[in-house]
Amino acid sequence: MAGGGFTDGGNLKRAHLYEYNITSYFIFACLVAAMGGSLFGYDIGVSGGVTSMDDFLKEFFPKIYRRKQESLTETDYCKYDNQLLTLFTSSLYFAGFISTFGASYVTRIYGRKGSILVGGISFFFGGVINAASVNILMLIIGRILLGAGIGFGNQVRNHCSLLT
């Protein structure tokens, strides 16, 4: 029967064969890894808000800032139509996608702990570089490292959900 809500318990005959130990370390590792998934959603809000701030645009995208100030009748899509801004926004997501392939290898060889360490270190350095950014190249490099950290976190999260 689909769903399994109303069964006679016949399918549970092998349930006692699966031993499990849910330790506090396992729960903590899964919670840390699950934060990687929430970082994607958080970044969507942050990058959307930052790219519309005048101070940010003045510093890193002065052409977009001038276009935003000059053409008040133009739609927002036309004001923010810039390849570098697109690269700034999408670099994190693309790096996260690509890094999951490397993260699966690291997780298979070194386990969840190794992947969490690599992802955490990458995310830390990406945050430091973004905080210290003085040009667009530093912003994009920082976002690539942030994306790699999030990609590793998502890989570990998916690995943990397969184990539970």
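Trainee: Which helix gives the most to the lining of the largest pocket?

Mentor: In this predicted model, H1 gives the most, with 6 residues of the lining. Helix H1 covers residues 24–50, and it is joined by helix H5 (83–131) and helix H6 (136–163), each of the three supplying at least two lining residues.

Trainee: What volume does the largest pocket have, and which residues are the closest to its centre?

Mentor: The volume is about 270 Å³. The lining comprises 16 residues, and Asp43, Val46, Val50, Asn130 and Arg143 are the closest to the centre of the pocket.

Trainee: How many residues of the lining are nonpolar, polar and charged?

Mentor: The lining of the largest pocket has 12 nonpolar residues, together with 2 polar and 2 charged ones.

Trainee: Let us turn to the fold. How many helices and strands are in the chain?

Mentor: The chain has 6 helices and 0 strands. A contact is then judged by its reach along the sequence: of the contacts between residues at least 6 apart, 67% join residues at least 24 apart. As for burial, 32% of the 164 residues count as buried.

Trainee: Where does UniProt place the feature "transmembrane region"?

Mentor: The unreviewed UniProt entry places this feature at residues 22–42, 92–111 and 123–146. An annotated range is best set beside the model itself. Over residues 92–111 the chain is 100% helix and 0% strand, with its end C-alpha atoms 24 Å apart. Residues 123–146 are 83% helix and 0% strand, and there the end C-alpha atoms are 5 Å apart. That range takes in residues that belong to two of the helices named above, H5 (83–131) and H6 (136–163).

Trainee: How many salt bridges does a search of the whole structure find?

Mentor: The search finds 1 salt bridge. Asp54 and Lys68 form this salt bridge, and their closest N and O atoms are 2.8 Å apart, which falls within the 4 Å cut-off. Asp54 belongs to helix H2 (residues 54–60) and Lys68 to helix H3 (residues 62–70), so the pair ties together parts 14 residues apart in sequence.

Trainee: Is Asp54 buried, exposed or partly exposed, and what is the case for Lys68?

Mentor: One compares the relative accessible area with two cut-offs, under 20% for buried and over 50% for exposed. Asp54, at 31% relative accessibility, counts as partly exposed. Lys68 has a relative accessible area of 17% and is therefore buried.

Trainee: With which residues is Phe56 in contact, leaving aside its neighbours within four places in sequence?

Mentor: Phe56, found in helix H2, is in contact with Val50, Thr51, Phe61, Phe88 and Leu139. Its relative accessibility is 10%, so Phe56 counts as buried. Val50, one of these partners, is also among the residues closest to the centre of the largest pocket.

Trainee: Which residues does Phe152 touch, not counting residues up to four places away in sequence?

Mentor: Phe152 lies in helix H6 and touches Ser99, Gly102, Ala103, Val106, Ser115, Val118 and Gly119. With a relative accessible area of 9%, Phe152 is buried. The C-alpha atoms of Phe152 and Leu117 are separated by 9.0 Å, although the two residues are 35 apart along the chain.

Conventions
Residues numbered from 1 in each chain as written. Predicted model: local features only at pLDDT ≥ 70, side-chain atom pairs only at ≥ 80, totals over all residues. Heavy atoms only, no water. 1 Å grid on protein atoms, 1.4 Å probe; cavity = no way out; pocket = protein on both sides within 12 Å on 5 of 7 lines; lining within 4 Å. Points joined across faces, edges and corners; volume = space filled by probe spheres on them. Helix = DSSP H or I, 4+ residues; strand = E, 2+ residues; numbered from the N terminus. Nonpolar A, V, L, I, M, F, W, Y, C, P; charged D, E, K, R; others polar. UniProt positions renumbered as here; feature names shortened; annotations may be inferred. Salt bridge = Lys/Arg side-chain N within 4 Å of Asp/Glu carboxyl O. Buried < 20%, exposed > 50% of the residue type's maximum accessible area, 1.4 Å probe, protein only. Contact = heavy atoms within 4.5 Å.
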